[in-house]
Amino acid sequence: VAKGKVYLVGAGPGDRELLTLKAERVLREADVILYDRLIGDEIVSMLRESGKKLIYVGKNKGERGDKRQEEINRLMKKYADEGKKVVRLKGGDPIIFGRATSEIEFLIKNSIPFEIIPGVSSVNGVPAYANIPLTHPELASCLIVLTGKEDMGKFHDLLNRSTFVILMGKDSVRDVAKGLVKFGLDAETGVAVIQRGTLRGQKVFFCKLGELSKCEEEFEGPALIVVGRVVDFVRELNDL
Ligand SMILES: C[S@@+](CC[C@H](N)C(=O)[O-])C[C@H]1O[C@@H](n2cnc3c(N)ncnc32)[C@H](O)[C@@H]1O
């Protein structure tokens, strides 16, 4: 196990004041910061002024993403092996379209301790600054977040490559699960019911979608349900 630790930190969509208190603290305590292209200028200037070891690891135009990722992984391991506190600073939130999956996989496989520190995503932060609410009691009860790289003509294929995040579903988990299977989701899809998330006493209950529809478990509130193959992805990694 490496002596150091890696923090996958979200920097928010740009405005420095959208950095979280936790992100700010970890940045203050860090020995090395590996940062991306979309980090706000004010945040980069603040980091420069701190005099810390600051390494730009964003993708340059025309560069291959996998080569860049190998280099980022190498740097995370090098500094963590030296016992350093490494911040891997990403734009927005680190687990939304941030290539965090390959980094998490690498960190787990190399026994490097890590922590994910969420950030305000461009998904919610940017519309908020344009005064656009993302949900509406009558007009929008589902929020779809996807990349412009998808073939919109094959929108239906996306279903089993989607992550569903369900709020206010604690007391209707069984109906939700049945409904999603009816909707076309594979009954073997992983589910995580996260109770008291981010708080002391956070509890995560894992199962398959098919099992959830028959499950007897009582969940404590507040709870959020995540359904999708990403749940299987982390469960398999943690079993390694
Ligand atoms: C590779 S994704 C990373 C998303 C990021 N992890 C997040 O949670 O916001 C980069 C995309 O996020 C969006 N984005 C990020 N910052 C933004 C900003 N300040 N204004 C508008 N869109 C932004 C753009 O669509 C950009 O192409």
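Here are a few questions and answers about this predicted model.

Reader: Is the crossing of α3 and α4 left-handed or right-handed?
Author: On the α3 side, the contact is made by Gln69, Ile72, Asn73, Met76 and Lys77. On the α4 side, Ser102, Glu103, Phe106 and Leu107 take part. As for its hand, the crossing of α3 and α4 is right-handed.

Reader: How many nonpolar residues are in the contact of α3 with α4?
Author: Ile72 and Met76 of α3 belong to this contact, along with Phe106 and Leu107 of α4. By class, the contact also has three polar and two charged residues, while the number of nonpolar ones is four.

Reader: Which residue has a polar side-chain atom 2.7 Å from an oxygen atom of the ligand?
Author: The residues around the ligand include Pro13, Ser121 and Ser122. Pro13 has a polar backbone atom 2.8 Å from a nitrogen atom of the ligand. Ser122 places a polar side-chain atom 2.6 Å from a ligand oxygen, and the residue with the 2.7 Å distance is Ser121.

Reader: Which residue caps the N-terminal end of helix α5?
Author: Helix α5 spans residues 122-129, and just after it Asn131 takes a positive phi of about 60°. At the N-terminal end, a side-chain oxygen lies 3.0 Å from the backbone nitrogen of Val123, and that oxygen belongs to the capping residue, Ser121.

Terms used
Residues are numbered from 1 along each chain as its sequence is written. This is a predicted model: local features need pLDDT of at least 70, side-chain atom pairs count only at pLDDT 80 or more; totals for chains, interfaces and linings use all residues. Side-chain values use heavy atoms; hydrogens and water are left out. A crossing is left-handed if the near helix is turned anticlockwise from the far one by less than a right angle, and right-handed if clockwise. Helices (H or I, at least four residues) and strands (E, at least two) are DSSP runs, numbered from the N terminus. Contact means heavy atoms within 4.5 Å. Ala, Val, Leu, Ile, Met, Phe, Trp, Tyr, Cys and Pro count as nonpolar, Asp, Glu, Lys and Arg as charged, and the others, Gly among them, as polar. A residue is near a molecule or strand if one of its heavy atoms lies within 4 Å of it. A polar contact is a pair of N or O atoms within 3.5 Å; within protein, one must be able to donate a hydrogen and the other to accept it, and residues adjacent in sequence count only if both atoms are side-chain atoms.
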